[in-house]
Structures are given as C-alpha cells and as structure tokens.
Amino acid sequence: MAHHQHVPREPRGAYVNAESLSAESQALPDSISASKLRAALEGVGAYVQIVDFEWRLLYLNECCRELLRDLGYEVHDLIGKHYWDDLFPYLRGSRLQLDYQRAMHERVPIETEHRDERTGRCYRIRLSPLEQGGLSISFLDITVHKDTEA
C-alpha cells in the first residue's frame, strides 16, 4: 500500500451516536430510514466506520473513505474485510485494539485517543456498541489541538 499524507478536514459536527440514529430510524418506513441514516452518517464531519460482531467492516462514510484512500487503501474492496486481519493488522495487540474489544464484548461505550505511528495523526475515538451487535466507530482528527498542547 502506498502511504500518502492526509490533510484533515476541519470537523463540521459532533460524534455520531449510531444507536440513537438507528433507534430513530426504526420508527420510519424502510425506504426513509435507510436514506435518513445514510445522510446523517455522511454529514457529521467525523470519520465513521461500522463493524459487525465478527469484526467485518460493514460501512464507511465518505470522510472515512477519503482518509483510507489517502492512506493507500482500495476503498471499494474494504466492505466485508476483517478489521484486524485485513485492514489494520499493525494495531493488533495495541491498547487501541484492547479498547475496541472491551467496547465490543462488554457492550460499553468507550472514548479514547490514539496517535497513529504510521501517519503521526492523533484521533479522538468514540466506540459505541450497536444493539444488534457490532460497533459504531467515530473519530475526529485532533492532531492540531494535541500539537498545540505540547
């Protein structure tokens, strides 16, 4: 994979709370709920990923697709891939993976920070267990803020 520097966009919104979005959309007809949920996930300004209980990637919003494209991933091939084996094997055994696993298995929301050693970027990550299994992963690039603090 080729590695390119990603120039982050300024966050336009808050974190995604996929649980409340999915709960709200359950009351709507299927044709409306899918489009409403997709529009909400695309417009938040955060990077958003959704994985199932077996760590298979189910969804990436456009912001996240752009980031992964800039990092050299072929984004059209990512859906269905295993999060740890196929996408981010370099994170296996990290504190970040332990946080993800805790959120998934204990079904608790977790907020954490992570500096990606490959890119030097720092992210604030929110992990939200989904009612039907899996996780909503939303994150913001906070590198500028963290570097200003240092």
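Modeller: Start with Asp 141, which counts as buried at 10% relative accessibility. This is a predicted model.

Colleague: What makes 10% relative accessibility count as buried for Asp 141?

Modeller: Buried means under 20%. Asp 141 has 10%, so the label holds. The residue lies in strand E5.

Colleague: Which side chains make polar contacts with the side chain of Asp 141?

Modeller: Arg 121 is one of them, at 2.9 Å. Thr 143 is another, at 2.6 Å. The cut-off for such N or O pairs is 3.5 Å, so the 2.9 Å to Arg 121 qualifies. The 2.6 Å to Thr 143 qualifies too.

Colleague: Now the rings. Why is the pair of Tyr 47 and Tyr 123 called edge-to-face?

Modeller: Two values describe a ring pair: the distance of the centres and the angle of the planes. For Tyr 47 and Tyr 123 the centres are 6.2 Å apart and the planes make 80°. Pairing needs centres within 6.5 Å, and edge-to-face needs planes over 60 degrees apart.

Colleague: What does the pair of Tyr 47 and Tyr 123 tie together?

Modeller: Tyr 47 is in strand E1 and Tyr 123 in strand E4, so the pair links parts 76 residues apart in sequence. Both residues are buried.

Colleague: What makes Phe 88 and Tyr 90 an edge-to-face pair?

Modeller: Their centres are 6.3 Å apart, with 75° between the planes. The limits are again within 6.5 Å and over 60 degrees, so Phe 88 and Tyr 90 pass.

Colleague: How do you know whether Phe 88 and Tyr 90 are buried or partly exposed?

Modeller: Phe 88 has 8% relative accessibility and counts as buried. Tyr 90 has 35%, which lies between 20% and 50%, so it counts as partly exposed. Both belong to one aromatic cluster, with Trp 55 and Trp 84 among the other members.

Colleague: What makes E3 and E4 a pair?

Modeller: Six bridges join E3 to E4. At least two are needed, so E3 and E4 pair. Tyr 123 returns here: in E4, it is the bridge partner of His 114.

Terms used
Residues are numbered from 1 along each chain as its sequence is written. This is a predicted model: local features need pLDDT of at least 70, side-chain atom pairs count only at pLDDT 80 or more; totals for chains, interfaces and linings use all residues. Side-chain values use heavy atoms; hydrogens and water are left out. Rings of Phe, Tyr and Trp (its six-membered ring) pair if their centres lie within 6.5 Å; planes under 30 degrees apart count as stacked, over 60 as edge-to-face and the rest as tilted. Helices (H or I, at least four residues) and strands (E, at least two) are DSSP runs, numbered from the N terminus. Buried means under 20% relative accessible area, exposed over 50%, partly exposed in between (1.4 Å probe, protein chains only). A polar contact is a pair of N or O atoms within 3.5 Å; within protein, one must be able to donate a hydrogen and the other to accept it, and residues adjacent in sequence count only if both atoms are side-chain atoms.
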